[in-house]
Each structure stands twice: as C-alpha cells, then as structure tokens.
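User: I would like to go through this model with you and ask, for each label, what value stands behind it.

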Amino acid sequence: MRHFFRCHTPPSDILVAADAFFPTIGLTPATAAARARTFAGTLGQLKLTVRAEGGHYTLIEVVTDQMGESRLDRNVKKFFVQVHRAEDPSHRLEASY
C-alpha cells in the first residue's frame, strides 16, 4: 500500500524521526540512503522516501508490502501523526460532523 504526507519539517529531521519510530514497532533498518530508508520485520516491509517539494514542503512517501489496512499501515499513519504533532503541538483532532 502507498501512503504520502506533506509537511514543513526538513527531510533530514524526518529521517531521524523514522529511524527512532519504526524500530519501536519491531522493524529493523534494512537499508539507508541519503533520502530513503527501508525497514523490515514481522509486520512486513516498508520503504520510506523523503524529498523537498515546492520549496518549503517536504513530501514523505511510504510504500508497504501489505494489502489493505494492516497493522503496518496503521503504524505508518501513526508516524505521520507524530510528525504533524511535532510541527504543531497545539493542534487537536476534532470530529468533522
């Protein structure tokens, strides 16, 4: 499954956050590049890439080897929430109904 998230955090900070977050859910780093990371474990495998987009945005793309809404995919979304909360700690989630 493919996920993406846009933020204002620099790509290097995203990679540091990914290196800290994904081992806590049982994934181990498989490969590391300048703008990409690959993690693998019992939940599956994921590849994370970051790139500057549009000057002040950072695009985070994550591709997992899972189909549908797996535990790995839910943890990727938790990572995106962690990145968002680091940018804006005062933001509170609210229902939109």
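Analyst: A cut-off is needed before anything else: a residue is called exposed when its relative accessible area is over 50%, and buried when it is under 20%. The model is a predicted one, and on the face of helix 1 turned away from its buried side, Val16 and Ala20 are exposed.

User: Which residues of helix 1 are buried, and what makes them line one face of the helix?

Analyst: The buried residues of helix 1 are Pro11, Ile14, Leu15, Ala17, Ala18 and Phe21. Seen down the helix axis, these buried residues fall within an arc of 160 degrees, so they line one face of helix 1. An α-helix has 3.6 residues a turn, so residues three or four places apart point the same way. The cover over the buried residues of helix 1 includes strand 1, strand 3 (36-41), strand 4, strand 5 and helix 2.

User: Why is the protein called as compact as a globular protein of its length?

Analyst: The protein, with 2 helices and 5 strands, follows the pattern β-α-β-β-β-β-α along its sequence. Its radius of gyration is 13 Å, close to the 13 Å that the globule rule gives for 97 residues, so the protein is as compact as a globular protein of that length.

User: Which members of the largest nonpolar core touch the most other members, and which elements each supply at least two of its residues?

Analyst: This core has 22 residues, of which Phe22, Leu27, Leu46, Leu48, Ile60 and Phe79 touch the most other members. At least two core residues come from each of strand 1 (2-7), helix 1 (11-21), strand 4 (44-53), strand 5 (57-64) and helix 2 (71-87).

User: What is leucine 48 in contact with, leaving aside its neighbours within four places in sequence?

Analyst: With those neighbours left aside, the residues that have heavy atoms within 4.5 Å of leucine 48 include Leu15, Ala18, Phe22, Ile60, Val62 and Phe79, and also Arg35, Arg37 and Glu61.

Terms used. Residues numbered from 1 in each chain as written. Predicted model: local features only at pLDDT ≥ 70, side-chain atom pairs only at ≥ 80, totals over all residues. Heavy atoms only, no water. Core = buried A, V, L, I, M, F, W, Y, C linked by side-chain atoms within 4.5 Å. Buried < 20%, exposed > 50% of the residue type's maximum accessible area, 1.4 Å probe, protein only. Helix = DSSP H or I, 4+ residues; strand = E, 2+ residues; numbered from the N terminus. Arc of directions from axis to C-beta. Rg over C-alpha atoms; globule rule 2.2 N^0.38 Å.
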